[in-house]
Amino acid sequence: IVEIAIVRVEPGKAPRVILDTLVDPQGPVRCTDIHGIGDDDVVGAPVFADIVPDIVAAMEGALVGAFNASFDMSFFRAEVAAAAHARGLRTPPPHVCLMWLRPLLKLGARCSLLVACDAHGVRPGDHRAAGDALACALMWPDYVAAAEKEGIVTIGQLTAAGSHKY
């Protein structure tokens with residue numbers, strides 16, 4: 001992980017970024033061509049283990065929603081396993097994947113975040129953590145409305161409704 005952002009969506013309130021930080025991966029930064037973050041950008045950034053308390057506080061009582069969540073959760077699991085003092089973090093945290101929810105909730109086919117944002121009239125993220133997380137948060141009300149239309153109001157019902165496990 002070279003960057004992490006958490007956007008909270010509370011009922012009746014606008015989404016808000018409550019954690020947004022670069023992370024020192026303690027090695028060379030990979031995939032710079034995708035996210036634009038290079039080795040120089042993470043100099044002086046905290047290592048994952050140092051921000052565990054902030055992550056725990058930011059995710060308290062939350063269901064994590066992400067686009068292609070299994071990809072993100074694989075990195076999250078690895079970081080938590082490597083962080084000696086990662087107590088308090090569930091791995092993976094309770095989460096749903098907006099990419100897999102699209103067809104289940106009849107919102108469209110699985111697609112890229114960019115295509116989903118366009119379909120929902122949301123400004124897409126820039127493949128940086130905060131921008132992508134905010135884009136997902138802005139689409140979230142459409143997902144909730146679609147789930148309710150399908151009679152899905154609990155995670156148990158969601159899990160039973162499709163082949164992808166949440």
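Biologist: Why is L138 called partly exposed?

Modeller: The relative accessibility of L138 is 40%. A residue is buried under 20% relative accessible area, exposed over 50%, and partly exposed in between (1.4 Å probe, protein chains only). The value of 40% falls between these limits, so L138 counts as partly exposed. The model is predicted: local features need pLDDT of at least 70, side-chain atom pairs count only at pLDDT 80 or more, and totals for chains, interfaces and linings use all residues. Residues are numbered from 1 along each chain as its sequence is written, and side-chain values use heavy atoms, with hydrogens and water left out.

Biologist: In which helix does L138 lie, and what makes a helix?

Modeller: L138 belongs to helix α6, residues 129–149. Helices (H or I, at least four residues) and strands (E, at least two) are DSSP runs, numbered from the N terminus.

Biologist: Which residues make the nonpolar surface patch?

Modeller: V17, L134 and L138 make a patch of about 210 Å². Accessible areas come from the Shrake-Rupley method with a 1.4 Å probe; for residues, only the protein chains shown count as cover. Patch residues have over 30% relative accessible area and no salt bridge; like charges are joined within 9 Å, and nonpolar side chains (Val, Leu, Ile, Met, Phe, Trp, Tyr) within 5 Å.

Biologist: Why is L19 called buried?

Modeller: L19 has a relative accessibility of 11%. This value is under 20%, so L19 counts as buried. L19 lies in strand β2. Not counting residues up to four places away in sequence, L19 touches I4, A5, I6, D54, I55 and A58, where contact means heavy atoms within 4.5 Å.

Biologist: How do you know that the buried residues of α2 are on the same side?

Modeller: In α2 (residues 48–59), the buried residues are F48, A49, I51, V52, I55, A58 and M59. They cover an arc of only 150 degrees around the axis, so they are on the same side of α2. The arc is that of the directions from the helix axis to the C-beta atoms. D50 and P53 are exposed on the other side of α2. The cover of the buried residues includes β1 (3–8), β2 (16–22), β3 (64–66) and α3 (69–82).

Biologist: What makes the buried residues of α5 line one face?

Modeller: The buried residues of α5 are L113, A116, C117 and H120. Seen down the axis, they fall within an arc of 100 degrees, so they line one face of the helix. L114, D118 and A119 are exposed on the face turned away from that buried side. Among the elements covering the buried residues of α5 are α4 and α6.

Biologist: What makes a nonpolar core, and which residues touch the most other members in the largest one?

Modeller: A nonpolar core is a set of buried Ala, Val, Leu, Ile, Met, Phe, Trp, Tyr and Cys residues joined through side-chain atoms within 4.5 Å. The largest core has 22 residues, of which F67, L98, L105, M139 and Y143 touch the most other members. Two or more residues come from each of β4 (95–97), α4 (98–104), α5 (113–120) and α6. With six residues, α6 gives the most to this core. A second, separate core of 19 residues includes I6, L19, I51 and M59.

Biologist: How many salt bridges does the structure hold?

Modeller: The structure holds three salt bridges, each being a side-chain nitrogen of Lys or Arg within 4 Å of a carboxyl oxygen of Asp or Glu.

Biologist: Why is the pair of R128 and E3 called a salt bridge?

Modeller: The side chains of R128 and E3 meet at 2.9 Å, N to O. This distance is within 4 Å, so the pair counts as a salt bridge. R128 lies in the loop between α5 and α6 and E3 in strand β1, so the pair ties together parts that are 125 residues apart in sequence. E3, at 16% relative accessibility, counts as buried, and R128, at 28%, as partly exposed.

Biologist: What links E150 and K106?

Modeller: Their side chains meet in a salt bridge at 3.0 Å, N to O. E150 is in the loop between α6 and α7 (155–161) and K106 in the loop between α4 and α5, 44 residues apart.

Biologist: Why is K106 called exposed?

Modeller: Its relative accessibility is 62%, which is over 50%, so K106 counts as exposed. E150, at 34%, counts as partly exposed.
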